[in-house]
Amino acid sequence: MLFKLALKNIRKSIKDYSIYFFTLVIGVIIFYIFNALDTQTAMLDVSSSTREIIRLMTTFLSGVSVFVAVVLGALIIYASNFLIKRRKKEFGIYLTLGMSKRKMSAILLAETILVGIISLGIGLLAGIILSQFMSIVVANIFEADMSEFRFVFSGAAAVRTCIFFGIMYAVVMIFNTVSVGRCKLLDLLYGEKKNEKLKLKNSVLCLIVFIISCVVLGRAYYLVTTGINVDDMFSQKELIKVIVMGSVSTFFIFWSVSGSILSIVTKLKGYYFNKLNSFTLRQFSSKANTMVMSMTVICLMLFLTIVLLGSSISLTRSMNQNIKELLPRDIQIEEDVEKAGRDALDTLEGQGFKKELLKDIVSLYTYDSEGITMGDTMGDYIQPALNYYTFVTEDSEETIMGLTDYNKLAKAFNNETVDLKDDEYAVVADLDVVVKARNNALSSGRTITYRGHELKPAYTECRIGAVQLNINKSNEGVIVVPDFVLEGAKKEKNIIIADYVADTPEEIEKIEKYIKKFIESNFQKDEVPYEEWYMFYTSKEIMKAGSVGIGAIATFVSLYIGLIFLIASAAVLSLKELSESADNIERFAVLRRIGTDERMIDRALFKQVGMFFLFPMLLAVIHSIFGLRASNKILEVFASANLGPSIAITAVIIVFVYGGYFLVTYFTSRRIIKG
């Protein structure tokens, strides 16, 4: 009997509260897909270095899953609370008819178990299917061979999903049982008739709080965009300060606006009494007043979603672009000439290195700066770079290179070559903030003296270009001088740049393994202290794997957390609005009885739901403008970030998910208020 009653209640609830079930299913799908990545990627044909990156990524995602499970658990408990509130009268009737609270809790327990099994089953089935497409995405990111693609089921991910959701449902069942068990009969019978009190706060107090909150928030915006340099932004003290300032000011902005919006609008008689605006605004104000904390949390989650998605997509796009621009050759070997005592090629061949594995070899040198520092070449113009990067200092010695050597490097790296007169020098750099500082110094005609030669700038701006294989722009500056100036100068480094004699990925990986083993066994032995090493190398494949790995980890983690936050925010708002719509059936019925047009009621409901969804999103977007600027400031250290396309992609995701929840909420609410 109790089971039949539970089944009947579920069939009745699915229609009115489909968003609840839909959210549970989506949560299971996302949870399974991201936890199945280790199994999905196991079949990919990738290099050993890429395999390590994928293993790191899946390990990281497993850790993030614990956090995601907590968020989903809180969402389920929050949703259950509204469902119980809606059914209080039903439970009150059960008690009136003589049913014990123990049996009533048993009904609720059976319902929760059935809902959990249904949502878990549908979610797992959909997740297994959709995870196959995730394999294709991962394969494209890591440029893996998909010729042996096959359908894969991750038993470990399925078990992990069942365990996490089993724990969450157990907590929900305990919460529901305790919640109903504590209710009194009078509260259950008349619970749905209890309205949220509409409190009008003092307008002057709200205005003062609003102004103070905006000032504090403005200060936080200034700190993350201008007031703190990149390295200090990662310090615990500064980070906590900005987070507290932003969170507290957000709370009080919602508190002040929700408490005064009605009193402000009522003074605008022409607008307030136009059509159903008075009804709509009072309904919205009542909900906003009682959801200040919820609105704050939702706003911050939406803000994090926008920043995480926008930044990760931007980072991935920038790094992919950098792979094409900054990794034009296969390998670069650097040798400390003073420690080695001879040139790099001689050193390598002396140990039996197979030189025939390399082609298009370019050999060049850097020279002792003899005391010339960044402070000497930039003077006071260095200050912006000092404020931006802590690793840039006035005492940092410059890197010196001869004209012929640099032009060989420029051709190898597809950079612009340099022309110099006997009394001129040029600067090559690509780190944006440092480039701007150097350009100011060069345009001022700042001269330098090197080895007794006074040299003036050949150009008023830096030549843009990299001088080593790297996944990001990292060249703080190389001073290029005429060759004759370097006669008798001490050589510091010998740099070898070359391509592999290889045509296939298999041949490239074979050469990579050979060079790695050769360098480590001859020049980087474990028993030799790192300070005594004098031969180092990097390759396009190593840098590429690292770049793709960083981008993939950032993208997947951001998507994982961002989608969960977005769904949680939209679901909470939807469930709250649907609960309110169910409670307001009689109010809308009164509007019909007094002759209100049905289209006018629909427009009023659309405005009400729209304001409810727009309220936290509006402030989240404002936060995100400055959050993305701060993110871009950090990303410039790793890659030249272009946020335009990333913001567009993020906007599409948010419109699709958040807008979808809004439309479903509106149409479901419209059906509810029509009885």
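**Aromatic contacts, strand pairing and local backbone features**

Phe523 is buried, as its relative accessible area is 5%. This assignment, like those that follow, refers to a predicted model. A search of the whole structure identified 16 aromatic pairs. One of them joins Phe523 to Tyr534: the ring centres are 5.8 Å apart and the planes meet at 70 degrees, so the pair is edge-to-face, the class assigned to planes over 60 degrees apart. Phe523 and Tyr534 are each placed in the loop between α21 (505–522) and β10 (535–539), 11 residues apart. In contrast to the buried Phe523, Tyr534 is partly exposed, because its relative accessibility is 23% and the limit for a buried residue is under 20%. Ring pairs also connect Phe606, Phe613, Tyr658, Phe662, Tyr666 and Phe667 into a cluster.

Arg463 lies over the face of Tyr459, at 4.1 Å from the ring centre. A second case involves Lys491, whose charged end sits over the ring of Tyr365, 4.0 Å from the centre of that ring.

Strand β9 was examined together with its pairing partners. Strand β1 (residues 331–336) runs antiparallel to β9 and is joined to it by six bridges. Within this pairing, Glu334 stands opposite Ile495 of β9.

Val224 is located in helix α9 (residues 203–227) and is counted as buried because its relative accessibility is 15%, whereas the category requires a value under 20%. The C-alpha atoms of Val224 and Gly627 are 7.5 Å apart in space, although 403 residues separate the two in sequence. Ile129, by comparison, belongs to helix α6 (residues 101–141) and is partly exposed, given a relative accessibility of 46%.

Finally, backbone geometry was inspected at two loop positions. Most residues other than glycine have a negative phi. Glu370 has a positive phi, near 55 degrees, without being glycine. Glu370 is situated in the loop between β2 and α17 (374–378), and its relative accessible area of 40% places it among partly exposed residues. Asn414 likewise adopts a positive phi, near 60 degrees, in a residue other than glycine. The position of Asn414 is in the loop between α19 (403–412) and β4 (424–429). With a relative accessible area of 65%, Asn414 is exposed, since that category begins over 50%.

Notes
Residues are numbered from 1 along each chain as its sequence is written. This is a predicted model: local features need pLDDT of at least 70, side-chain atom pairs count only at pLDDT 80 or more; totals for chains, interfaces and linings use all residues. Side-chain values use heavy atoms; hydrogens and water are left out. Helices (H or I, at least four residues) and strands (E, at least two) are DSSP runs, numbered from the N terminus. Buried means under 20% relative accessible area, exposed over 50%, partly exposed in between (1.4 Å probe, protein chains only). Two strands pair if DSSP finds at least two bridges between them. Rings of Phe, Tyr and Trp (its six-membered ring) pair if their centres lie within 6.5 Å; planes under 30 degrees apart count as stacked, over 60 as edge-to-face and the rest as tilted. A charge sits over a ring if NZ of Lys or CZ of Arg is within 6 Å of the ring centre and within 35 degrees of the ring normal.
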